[in-house]
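The sequence and the structure come before the discussion.

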Amino acid sequence: MSDSTPQRNVIALLPEACTSCMVCVRECPSWCISLESHVEAVSEEGARRPRTVNVLDEFTIDYGLCMYCGICIETCPFDALAWRDSFDYSSGDRQGLRQDAVDLSRWWPTGS
Amino acid sequence: MWRLASRPDVAVDVASAGLACCSLEVEAAGQRGLLVASETVPQAAAVTVLVVAGTVTTAVEPALVRLFDEHAQHGPVIIVSFGACATSGGPYWDAPTVRPGIEALFPGQEIASYVPGCPPRPEALVVELERLVDSRIPA
Ligand code: SF4
Ligand code: SF4
Ligand code: SF4
């Protein structure tokens with residue numbers, strides 16, 4: 001991670017890259033990530049059995065609780081999480097700091 | 001007590017309840033000239049923004065409520081929850097001696113805004129104060 005990487009501002013999620021592996025959820029020291037997924041069977045022509053894939057249903061970071069340690073970003077095996085440099089996302093109510101997959105993915109295209 | 005450097009004409013006092021590391025960011029905003037120290041006694045018409053910055057232990061709760069009451073005697077008080085600890089207990093949310101957020105700490109008082117961060121940047125504080133001043137306090 002280079003020094004110019006924006007850190008400790010906001011975490012972006014790339015839902016397409018997330019395999020619902022739960023590594024970030026387990027490693028987060030603040031317990032502020034929650035994730036729901038289900039398993040689907042994918043049948044392919046010629047395959048002897050269907051593949052099973054995890055499909056992400058919900059991914060939430062509670063920014064009212066997050067300690068911005070970056071452990072989720074460092075441990076994600078699929079580079080589905082990354083720092084972005086916006087700090088201006090306060091909320092008038094406590095629940096507004098809980099950002100779901102749609103909120104988190106909106107941060108992805110901006111920044112580095 | 002502080003005043004907002006970018007809104008010199010608005011009579012708003014910024015009081016920081018500095019309880020832990022987050023309060024250093026309030027100080028940093030002062031060092032960068034975004035907040036200016038004010039020695040003035042609060043006037044009856046002045047609005048005070050109480051910035052709760054840091055970990056609220058159960059031991060410090062009564063003192064924090066008293067601080068709010070003191071300011072409320074002089075006029076309206078807007079409360080800002082600055083950083084994860086004030087908002088939820090932050091990294092210490094599961095400690096029995098830490099209050100898991102100030103949402104219901106001040107009876108009958110709403111929290112005007114929750115600023116995320118552990119700690120939030122000084123700029124985040126100033127942007128929030130400007131927004132509150134512009135939307136809630138007539139110049
Ligand atoms: S930065 Fe740290 S505290 Fe925040 S979601 Fe990631 S692992 Fe959890
Ligand atoms: S570690 Fe990465 S891939 Fe695994 S659940 Fe978290 S974000 Fe998704
Ligand atoms: S939110 Fe983080 S930086 Fe702020 S007081 Fe708590 S531990 Fe310290």
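A residue is called buried when its relative accessible area is under 20%, exposed when it is over 50%, and partly exposed in between, with a 1.4 Å probe and protein chains only. By that rule, both B:Glu61 and B:Arg99 are buried.

The model is predicted: local features need pLDDT of at least 70 and side-chain atom pairs count only at pLDDT 80 or more, while totals for chains, interfaces and linings use all residues. Residues are numbered from 1 along each chain as its sequence is written, chains are lettered from A and ligands numbered from 1 in the order in which they are written, and side-chain values use heavy atoms, with hydrogens and water left out.

**Salt bridges**

A salt bridge here is a side-chain nitrogen of Lys or Arg within 4 Å of a carboxyl oxygen of Asp or Glu. Over all chains, the structure holds eleven of them.

| Pair | N to O distance |
|---|---|
| A:Arg94 and A:Asp62 | 2.8 Å |
| B:Glu61 and B:Arg99 | 3.3 Å |
| B:Arg131 and B:Glu128 | 2.8 Å |
| B:Arg131 and A:Asp88 | 2.8 Å |

Helices (H or I, at least four residues) and strands (E, at least two) are DSSP runs, numbered from the N terminus. The side chains of A:Arg94 and A:Asp62 meet in a salt bridge. This pair joins distant parts of the chain, 32 residues apart: A:Arg94 is in the loop between β4 (81–84) and β5 (98–99) of chain A, and A:Asp62 is in strand β3 (residues 51–62) of chain A.

In chain B, B:Glu61 and B:Arg99 meet in a salt bridge. They too link distant parts of the chain, 38 residues apart, with B:Glu61 in helix α2 (residues 61–72) and B:Arg99 in the loop between α3 (84–88) and β6 (111–115).

B:Arg131 and B:Glu128 lie three residues apart in helix α4 of chain B, about one turn of the helix. An α-helix has 3.6 residues a turn, so residues three or four places apart point the same way. B:Arg131 is partly exposed, at a relative accessible area of 36%, whereas B:Glu128 is buried, at 5%.

**Interface of chains A and B**

Contact (heavy atoms within 4.5 Å) involves 20 residues of chain A and 22 residues of chain B. Buried area is the accessible area (1.4 Å probe) that two parts lose on being put together, summed over both. Between chain A and chain B it is about 1600 Å², of which carbon and sulfur atoms give 59%. A:Phe87, A:Ser90 and A:Arg94 supply 33% of the area that chain A buries against chain B, more than any other three residues. The count between the two chains is one salt bridge, in which B:Arg131 meets A:Asp88.

**Ligand surroundings**

A residue is near a molecule if one of its heavy atoms lies within 4 Å of it. Around ligand 2 there are 14 residues, the closest being A:Cys18, A:Cys21, A:Met22, A:Cys24 and A:Cys76. Ala, Val, Leu, Ile, Met, Phe, Trp, Tyr, Cys and Pro count as nonpolar, Asp, Glu, Lys and Arg as charged, and the others, Gly among them, as polar. The shell around ligand 2 then has twelve nonpolar, two polar and no charged residues. The residues around ligand 3 include B:Cys21, B:Cys22, B:Cys85 and B:Cys118; this shell has nine nonpolar, two polar and no charged residues.
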